[in-house]
Amino acid sequence: MTTMVRQTLPAATTATTATTATKAATATAGTTAEAAAPGGSEIRRHELAAFLRSRRERITPEQVGLPRGARRRTPGLRREEVAHLSAVGVTWYTWLEQSRDIHVSVQVLDALARTLLLDPSERAHLFQLAGATDPTPASSCTGVTDAVRELLDQLDPLPACVQNSRYDILAYNRTYAHLLCDLDAIPPEDRNCIVLIHTHPQWRESVVHLDESMRLMAAKLRASMAGHLTEPAWKMLVKRLQTESPEFRENWERYEVVVGRSKVKEFRNPHVGLLTLTHTDLWLSPEHGARMVTYAPQDAQTRERLEKLYAHALSAGAGPHAG
């Protein structure tokens, strides 16, 4: 019937009808295409919300240092507890678990990953659901070549590691793995010297001149950050330190800047005792801030103790590590 009607229309009317139909079809296709992207985004938000709820519900208060209380009904942590531990607003976190269309920064994702005790695979999944790139060295380890790994291995029993100017530990040898704590037991995303000196009890106990070291590291970090002010990983690090350490907040507000320099350092190692070492930075790629940090013994007693520490590392099964 439609064909018969069209045959009775004038040519101009037929052309107009065809044009109108074409425009309508194009508009419909465009609308469908536009709806597809938001739909995909909505699905991603729902998946993110479900993932956060599942991780929150599996963690006990005791695991994150909170009292259980007698009237707790929620399995795992409450939303407000996750928000508090991650230093975000309760309303904002609630919206996140409700699949609201809100922006999530990499700093917040990093804080949530640590609060929810995510392993590397779960952390990667969190960032993927949020459509973000994980800026931590755990997701990408650059500047550590096979030759550098060989050098680290050959330096044993002298402690040595590779760091960037943000204090991320990118690689280390067996002796360094047990110099200040059991570094192999630290999650890759937390292997950062300035984080550990402000938050890790054993690392802090191992540093003889703790206050001086923290102040110097904050000043060096501020000097290095001048060229990275807009980079997410740097902002994320400073935000984390300001949240977790009153000492860092105080030193950061001093606005002191110091360039790197070699110096004698003293560490109290729980396995071999006091170590007096000369700290030297060997720059590998100045444009990226990568450097090999080495510690040479100041005296015969320290050299002997480093040999014992290396033997302990071997017996403990520690191995050279590089991202």
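Mentor: Let us begin with a term: two residues are in contact when heavy atoms of theirs lie within 4.5 Å. Please keep in mind that this model is predicted.

Trainee: Which residues does Leu126 touch, not counting residues up to four places away in sequence?

Mentor: With that exclusion, Leu126 touches Leu48, Phe51, Leu52, Leu109, Ala113 and Leu118. Leu126 itself belongs to helix 6, which covers residues 120-129.

Trainee: Is Leu126 buried or exposed?

Mentor: The general rule is that a residue is buried under 20% relative accessible area, exposed over 50%, and partly exposed in between. Leu126 has a relative accessible area of 0%, and therefore counts as buried.

Trainee: How does Ser99 count on that scale, and why?

Mentor: Ser99 counts as buried because its relative accessibility is 10%, under the 20% limit. Its place is in the loop between helix 4 (90-97) and helix 5.

Trainee: What joins the side chains of Ser99 and His46?

Mentor: A polar contact is a pair of N or O atoms within 3.5 Å, one able to donate a hydrogen and the other to accept it. Between the side chains of Ser99 and His46 there is such a contact, at 3.1 Å. Leaving aside residues up to four places away in sequence, Ser99 touches Arg45, His46 and Ala49.

Trainee: Why does Thr280 count as partly exposed?

Mentor: Its relative accessibility is 27%, so Thr280 counts as partly exposed, in the range between 20% and 50%. Thr280 is found in strand 4, residues 273-285. Its C-alpha atom is 9.0 Å from that of Val264, a residue 16 places away along the chain.

Trainee: Which residues line the largest pocket?

Mentor: The lining has 19 residues, and those nearest the centre of the pocket are Leu85, Ser86, Arg114, Thr115 and Glu244. Helix 3 (79-86), helix 5 (106-115) and helix 12 (232-244) each contribute at least two residues to this lining. The largest share, six residues, is that of helix 5.

Technical notes. Residues are numbered from 1 along each chain as its sequence is written. This is a predicted model: local features need pLDDT of at least 70, side-chain atom pairs count only at pLDDT 80 or more; totals for chains, interfaces and linings use all residues. Side-chain values use heavy atoms; hydrogens and water are left out. On a 1 Å grid over the protein atoms alone, a cavity is a set of points where a 1.4 Å probe fits but cannot get out, and a pocket is an open set with protein on both sides within 12 Å along at least five of seven lines; lining residues have an atom within 4 Å of a point. Helices (H or I, at least four residues) and strands (E, at least two) are DSSP runs, numbered from the N terminus. Buried means under 20% relative accessible area, exposed over 50%, partly exposed in between (1.4 Å probe, protein chains only).
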